[in-house]
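Here are my notes for a colleague who is opening this entry now. Please keep the sequence and the 3D view side by side while reading.

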Amino acid sequence: MRYDYDVIVVGAGNGGLAAASKLTAAGLRVVLLEKHNLPGGVASSFVRGRFEFEASLHELCDVGTKEEPLSVRRLFTDLGSKEDFINEKNLFRTIVTGENGYDVTLAAGWDNFRQSLLKVCPESEKSLDRLGALLDKTTEALAYNDRKKGRPNKLVMLLKYGKFLISASHSLDDVLRSLGFSYRARMILETYWSYLGVPADELNAFHYFEMVRGYINGGAGIPLHKSYGLSLSLAETIIKNGGDIRYNTEVTRFIYDENKRVTGVCTKDDEYYAKEVISNVIPHNVFGMSGKGNVAEKDKKLLNARRFGLSFICIYLGLDKSADALGIKDYSVFIAQNASSRRQAETEMGMYVVNCINVAVPEATPEGTCSLFFTIPVFTNKTMKGVTADNYKKFKSDTAAAYIENYEKVLGVNIREHIEEISVATPVTFANYFGAPNGTAYGYELSGWDGVMARILSTGNELNIKGLTFCGGHGAKGDGYGVSYVTGIEAAEAVISRLTGKNDEEKQ
Ligand SMILES: Cc1cc2nc3c(=O)[nH]c(=O)nc-3n(C[C@H](O)[C@H](O)[C@H](O)COP(=O)(O)OP(=O)(O)OC[C@H]3O[C@@H](n4cnc5c(N)ncnc54)[C@H](O)[C@@H]3O)c2cc1C
């Protein structure tokens, strides 16, 4: 059967949900097509026994408080979502067990963050002042860039935001060094590197600061009803605005006209046509569904040259005792054998993160229970080397046993006896679930020639397919909840402007 809409959105992940919410609020006729039976993509939860497990989210940055909302909270309010967030007072605890190791907890909010670092690295006072100034300059430079719609005056950038430009072209480790931080302070400050998937000696400093300032200023934001609560609230917005959502509807082909313009998509049984299509699906997969000759050779080459971002092994535990009773006090703890992010990325059991949602939201599991969520970054194919269909189950249980044992040893707690439910996800699970190559949850790795600045500067010059706009964690600004929502809004705004001839500011 044939259906006609103003806009088709493919994929109900964070980007697709935000895009469809914004488009429907603008009064456009929209259909959102999702291959699964529920919204959210990886922003979802699943049930085992009496536990509902958060599938992916540790924390969101740029949330802020009700009194002082930051961009992500504002975005949800603007879209009419009723979902609320908790602000965790600590950003993270980081434990390095090897020689010269440490056990440090950094607090949220600039003053508390500063104090918590000074407690363990008192020599950092001046360096922290310099870092604070640089973060402020980064905020100002980005606000200026936004005001200029991504086309800033180069002279203004050079004269006013020179320091920002320097940090934007150096690695995180180089910039922290130049700010005068000691080795120990650098290692502690670099803890969040794994959220971006590139070791600190290679990770673009600006990219890191852009994320970290959102965490320091806005705290670690945790939705009251897990990430699925956020996804559901956006799906409800879309329906309330008159949009259609079709679940269990996998797009199998993108339809192009003779001018290589995307005019619609095919599913197994139906054809959908629209003036514009937004894809929340990673470009690699879209190209695979585009037929011969429709996609420019240069774009194919570009995608082939890009590296996929990291994936994860996740261990989800439902425990039959409360966090308090088990002596679990931290919402988020990073555990590593070695302080250096390079070593963490290259060695087995280099680092992992464990979250206990009950510390932030006590009622997240039934009374008298709690859950733990282990996230183990998988940077190279080495981790899964030798894993076959025959030994896959054993690989999962051996991996879970090793990490649980290590966690018990490092934290001095006993959890094994209290495991009521356990589930293990690997890159294979993520690849199966949302079809992303290698099971990457992080789109394309942002590093080297393909770093965040290079991508931002080439916005508009790549993946220029008429009638098709991409959104999601695989775009210019990288991955993450906040980023993927923002890309959805930006894609919707571009489409609204093309279809109605008006942008948001003109309409207000
Ligand atoms: C374990 C884990 C932990 C993470 N932790 C954090 C964190 O703490 N903080 C943070 O900010 N970020 C985190 N992330 C990253 C964050 O989850 C992602 O960057 C973000 O969710 C990506 O959203 P997206 O818009 O790209 O959509 P995706 O989640 O990639 O969704 C794409 C959607 O498209 C659908 N789809 C695919 N193909 C088709 C098709 N052919 N037809 C129809 N539908 C299709 C999929 O089913 C899916 O619903 C984590 C990710 C993982 C995996």
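Which domains does the domain assignment of the protein give? The points below start there.

1. Basis. This is a predicted model: local features need pLDDT of at least 70, side-chain atom pairs count only at pLDDT 80 or more, and totals for chains, interfaces and linings use all residues. Residues are numbered from 1 along each chain as its sequence is written.

2. Domains. The assignment gives domain 1 (2-84 + 224-307 + 442-507), domain 2 (109-216) and domain 3 (310-427). Such bounds come from an automatic or database domain assignment. The C-alpha centres of domain 1 and domain 2 lie 29 Å apart. Their contact takes 13 residues from domain 1 and 14 residues from domain 2. Two residues are in contact if their C-beta atoms, placed from the backbone, lie within 7 Å. On the side of domain 1 that touches domain 2, six residues are nonpolar, five polar and two charged. Here Ala, Val, Leu, Ile, Met, Phe, Trp, Tyr, Cys and Pro count as nonpolar, Asp, Glu, Lys and Arg as charged, and the others, Gly among them, as polar.

3. Ligand shell. Which residues come nearest to the ligand? Of the 38 residues around the ligand, they are G11, G13, G41, G472 and G473. A residue is near a molecule or strand if its C-beta atom, placed from the backbone, lies within 6 Å of it. Elements giving two or more residues to this shell are α1 (14-25), β13 (311-319), α17 (427-434) and α19 (481-500). Helices (H or I, at least four residues) and strands (E, at least two) are DSSP runs, numbered from the N terminus. By class, the shell has 15 nonpolar, 18 polar and five charged residues. Domain 1 and domain 3 each supply at least three residues to the shell.

4. Core. The largest nonpolar core has 152 residues, and V7, I8 and L23 touch the most other members. A nonpolar core is a set of buried Ala, Val, Leu, Ile, Met, Phe, Trp, Tyr and Cys residues joined through C-beta atoms within 7 Å. Buried means that 20 or more other C-beta atoms lie within 10 Å of the residue's own, exposed means 12 or fewer, and partly exposed is in between, with C-beta atoms placed from the backbone. Helix α19 gives the most to this core, with nine residues. Leaving out residues up to four places away in sequence, I8 touches V31, L33, G264, V265, Y272, A274 and V277. In soluble globular proteins, nonpolar side chains tend to be buried together.

5. Strands around β12. Strand β1 (residues 2-10) pairs with strand β12 (residues 271-279) in the parallel sense over eight bridges. Two strands pair if DSSP finds at least two bridges between them. The bridge partner of Y5 in β12 is A274. Strand β11 (residues 262-266) runs antiparallel to β12, joined by three bridges, and V265 has Y272 as its bridge partner there. β11 and β12 form a hairpin with four residues between them. β12 also pairs with β18 in the parallel sense over three bridges, and S279 stands opposite F470 in β18.

6. Strand β15. Why is strand β15 largely enclosed by the rest of the structure? Five of the five residues of β15 (residues 351-355) are buried, so the strand is largely enclosed. M351, V353 and N355 point one way, and Y352 and V354 the other way. Strand β14 (residues 332-336) runs antiparallel to β15 over five bridges, with A336 opposite M351. Strand β16 (residues 370-378) is also antiparallel to β15, joined by three bridges, and V354 stands opposite F374.

7. Backbone check. D62 has a positive phi of about 60° although it is not a glycine. D62 sits in the loop between β4 (51-54) and α2 (71-78) and is buried, with 26 other C-beta atoms within 10 Å. K226 likewise has a positive phi of about 60° and is not a glycine. K226 lies in helix α10 (residues 226-240) and is buried, with 24 other C-beta atoms within 10 Å.

8. A168 lies in helix α6 (residues 162-168). Is A168 buried or exposed? A168 is buried, because 22 other C-beta atoms lie within 10 Å. Not counting residues up to four places away in sequence, A168 touches N204, F206 and M453.
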